[in-house]
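I opened my notebook to follow side-chain contacts today. Here is what I looked up, entry by entry.

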Amino acid sequence: MTSLRDGLAPDLTVQEALDLLFAQEDPVVDTVYIAPPPAAVESDEDSCDEDTGGLADNLNHRQLQAPAEIRLPRRMESADDITIIENLHKTSSSRTWVSGNMENTHKRPFPTRDFDKYKDFSPIELFELFFDDEIIDLLVEESNKYALFIEANNPVITRSEMKCFLGILILSGYNILPSKRLYWDNNLDTKNTLIQNAMRRNRFELILRFLHCADNTNPNLSNKIWKIQPLVDKIKKKCMENYVPDQNLSYDEAMVKYYGQHSCKQYIKGKPIRFGYKVWSLCTTEGYLVNFEIYQGKSLRSSGLYDNAFGKCVSPLISMINDFPNDIRALPMNFHFDNLFTSLQLLSYLRERGYGGTGTIRENRLPKSCPLVHKKSLKQKNRGFSCASISKEDGVIVSKWVDNSVVSVASNCIGLEPNSFVKRFSKKEKKIINVPRPFIVAEYNRSMGGVDRMDQNLSAYRIHIRNKKWYWPLLTWLIDVSIQNAWLNMRGTGKSIRHLEFRRAIVQGYPGRSQSMFRSSLLPDTRFDGLHHYIKKIEKKRRCVGLNCTGKSSAVRFECMKCNVGLCIECFVAFHTR
């Protein structure tokens with residue numbers, strides 16, 4: 001019999017779902033969906049009266065044979081995690097601290113990164129590893145369904161048109177104009193021949209109007225970003241599939257700029273992007289986005305165990321670690337984070353699971369039993385002074401180093417030695433001097449900036465075409481992230497291609513194809529079926545898409561009623577003939 005841990009398929013009947021639930025000693029279920037039974041002449045009433053109804057035994061035969069689906073919570077904490085966290089509370093209350101150093105274990109044996117499988121891929125092929133035909137088909141299907149949902153004419157968007165649409169969006173990242181309509185302007189200072197030959201302006205705006213990622217008839221109101229969640233899930237899966245394991249990962253928040261009204265919008269003072277969506281991000285040192293979670297005010301991925309143990313900021317990190325496949329999860333990875341996330345409990349937890357953890361730590365998160373001098377007193381020390389203490393119970397080291405200010409760093413895998421030197425300007429000596437720096441601080445600085453590096457890569461050529469939909473910034477961010485990850489995988493093969501050239505190669509492969517190629521692939525499913533293609537006179541002129549009119553600016557008052565494209569009388573038959 002199928003068990004709840006197997007992840008149920010949606011093709012169950014109500015009877016099978018009930019049998020499965022009753023067979024579990026303590027079933028934990030998120031939702032049970034029951035579809036209406038098939039229509040029949042007989043009554044739908046159950047087999048009991050109104051006062052004693054409402055039980056599973058009262059369902060009639062047709063109701064028991066109706067389709068049903070059981071959905072489990074997205075992430076269930078394992079029994080091992082519960083045991084580890086329970087032991088952490090006991091350890092944290094009775095820590096014994098000693099002065100000294102620890103042996104560095106951050107460079108434990110780790111597989112060499114191998115990018116050979118990507119060495120023969122072109123930029124378009126690498127991009128399509130992240131934004132593949134499955135995602136394109138999702139956008140096409142949901143966009144067409146949304147047009148019907150609002151009772152508009154079916155736009156009949158095709159896969160080739162959606163790729164062309166994406167190419168125009170990508171081009172707007174490095175060829176910026178004040179308005180999207182200017183790309184189709186005929187003046188010499190704004191004219192873009194590539195875009196004009198690839199897609200008509202009205203067609204682009206039509207796709208932009210109907211662009212959707214989720215089914216509006218089946219909303220999930222418990223998820224604030226349900227309209228873009230299907231695309232988010234697919235991109236996360238692709239990022240994980242194409243991730244080449246790296247030992248050092250950084251965890252931090254990234255901001256997606258947004259100034260509109262939405263309950264997920266955040267304000268973070270001091271950030272380059274102060275208003276927008278906050279995204280918990282797990283990145284490599286180069287900036288490759290391995291996993292992420294868009295902040296909604298609460299975590300939908302855990303039942304609260306991680307929130308209570310480590311806080312809401314750290315809970316997504318634990319869930320991302322659990323998302324790794326078993327072969328990657330078994331590797332000795334090192335995670336780096338700043339003082340918003342670091343706590344002694346988190347470092348102990350990571351050590352119990354076989355991972356390294358390093359991060360700056362706030363003074364109020366250090367226990368009173370820690371013998372280190374308070375940072376206010378350390379400010380009187382000379383620059384370069386450092387001290388450290390180690391917890392005997394779990395081997396966590398806390399170090400304080402005096403630089404321009406006092407830096408407090410905690411780790412479960414990196415010690416103080418070997419020391420290195422950094423150059424600082426001395427006001428007293430009026431020259432640049434060498435200041436000793438502990439190894440733990442040097443390694444933290446080297447490995448922590450992955451999320452900032454990703455933000456830097458995305459900001460260089462971010463998509464600039466705007467839209468009023470609240471999820472538009474997130475959608476374009478996902479496209480930019482896919483390009484950036486694909487570019488980093490190509491650089492991993494040894495090819496020194498610039499980010500701009502990589503994007504240009506994608507654009508030239510999507511909307512950069514000749515106009516005749518796009519027109520010949522227009523509406524492949526309906527163009528040549530020979531059914532109900534009628535010519536219709538229209539009031540507003542449209543450009544003829546017939547092959548005989550290629551290169552001409554001919555505007556006609558006729559269109560095909562089924563294909564919804566402009567056609568002159570001379571091109572009508574040729575357009576519908578192979």
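Entry 1: I started with Lys 163, which is buried at a relative accessible area of 16% (buried is under 20%, exposed over 50%, partly exposed in between, with a 1.4 Å probe and protein chains only). I am working on a predicted model, where local features need pLDDT of at least 70, side-chain atom pairs count only at pLDDT 80 or more, and totals for chains, interfaces and linings use all residues. Residues are numbered from 1 along each chain as its sequence is written, and side-chain values use heavy atoms, with hydrogens and water left out.

Which side chain does Lys 163 meet in a salt bridge? I found Asp 133, at 3.3 Å from N to O (a salt bridge is a side-chain nitrogen of Lys or Arg within 4 Å of a carboxyl oxygen of Asp or Glu). This pair links distant parts of the chain, with Lys 163 in helix α6 and Asp 133 in helix α5, 30 residues apart. I took helices (H or I, at least four residues) and strands (E, at least two) as DSSP runs, numbered from the N terminus.

**Entry 2: Arg 159.** I next saw that Asp 133 also has a salt bridge to Arg 159, again listed at 3.3 Å from N to O. Asp 133 lies in helix α5 (residues 133–149) and Arg 159 in helix α6 (residues 159–171), so this pair ties together parts 26 residues apart in sequence. I noted Asp 133 as partly exposed, at 30% relative accessible area, and Arg 159 as partly exposed too, at 36%.

Arg 159 has a salt bridge with Asp 137 as well, at 2.8 Å from N to O. Here Asp 137 in helix α5 and Arg 159 in helix α6 are 22 residues apart. Asp 137 counts as partly exposed at 32% relative accessibility. Through shared partners, salt bridges join Glu 128, Asp 133, Asp 137, Arg 159 and Lys 163 into one network. My salt-bridge count for the model comes to 20.

**Entry 3: rings.** I counted 20 aromatic pairs (rings of Phe, Tyr and Trp, the last by its six-membered ring, with centres within 6.5 Å; planes under 30 degrees apart are stacked, over 60 edge-to-face, the rest tilted). Trp 280 and Tyr 295 make an edge-to-face pair, 6.0 Å centre to centre with 80 degrees between the planes. Trp 280 sits in strand β7 (residues 275–284) and Tyr 295 in the loop between β8 (289–294) and α10 (305–310), 15 residues apart. Trp 280 is buried, at 1% relative accessibility. Elsewhere I noted a cluster of Phe 130, Tyr 243, Tyr 288 and Phe 324, linked by ring pairs.

**Entry 4: the nonpolar cores.** How many residues does the largest nonpolar core have? I read 117 (a nonpolar core is a set of buried Ala, Val, Leu, Ile, Met, Phe, Trp, Tyr and Cys residues joined through side-chain atoms within 4.5 Å). Among the residues with the most contacts inside this core are Phe 131, Ile 228 and Trp 477. Helix α17 (residues 472–492) gives the most to the core, with twelve residues. Domain 2 (83–106 + 352–447) and domain 3 (118–219 + 471–509) both give residues, so the core lies between them; the domain bounds come from an automatic or database domain assignment.
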